[in-house]
Amino acid sequence: MSDEIDPKGLVREAYRIDGISLGECRSIFLDWALSLPDGTQSAKAIRRLLERHATMPEGHPMTQVLTEGLKTGMAARRRGGRAGRVAG
């Protein structure tokens, strides 16, 4: 099953890991952000993830990371290959 807002299931799995740390959630968030399909609006995806996981225990570190990501916004992703080396 393909999931446009969590293509690798990273956020879903983070919520399932007992005792996951804030640092681990931040690392997972970065991997999640880099795995989003081109053209995906990250803020919209984060809001949908927060809605999807709203029933998780209060204070879960992934919820904190997602909320922080929504507040600060995400910088543009680096493009690899030639597109990353050649100014547009």
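Leaving aside neighbours within four places in sequence, D6 is in contact with V11, R12, W32, L49 and R52, where contact means heavy atoms within 4.5 Å. This is a predicted model, so local features need pLDDT of at least 70 and side-chain atom pairs count only at pLDDT 80 or more, while totals for chains, interfaces and linings use all residues. Residues are numbered from 1 along each chain as its sequence is written, and side-chain values use heavy atoms, with hydrogens and water left out.

I'll stay with D6 for a moment. D6 sits in the segment before α1, which is 10-16; helices here are DSSP runs of H or I with at least four residues, numbered from the N terminus. D6 is buried and yet has no salt bridge. Buried means under 20% relative accessible area, exposed over 50%, and partly exposed in between, with a 1.4 Å probe and protein chains only. A salt bridge is a side-chain nitrogen of Lys or Arg within 4 Å of a carboxyl oxygen of Asp or Glu. For D6, the nearest side chain of opposite charge is R52, 4.7 Å away; Lys and Arg count as positive, Asp and Glu as negative, and His and the chain ends are not counted.

What does the side chain of D6 have a polar atom close to, then? The backbone nitrogen of V11 lies 3.2 Å from a polar atom of that side chain, and the backbone nitrogen of R12 lies 3.0 Å from one.

Next, the salt bridges. The structure holds six. One of them joins D31 and K8, at 3.5 Å, N to O. D31 lies in helix α2 and K8 in the segment before α1, so this pair ties together parts 23 residues apart in sequence. D31 is partly exposed at 33% relative accessibility, and K8 is exposed at 52%.

Salt bridges with shared partners join R12, E13 and R16 into one network. The E13 to R12 bridge is 3.4 Å, N to O.

Last, α4. The buried residues of this helix are P61, M62, V65, L66 and G69. They cover an arc of only 140° around the axis, so they lie on the same side of α4; the arc is taken over the directions from the helix axis to the C-beta atoms. These buried residues pack against α1, α2 (22-35) and α3 (42-52).

Methods: Helix = DSSP H or I, 4+ residues; strand = E, 2+ residues; numbered from the N terminus. Polar contact = N/O pair within 3.5 Å; in protein donor to acceptor, adjacent residues only side chain to side chain.
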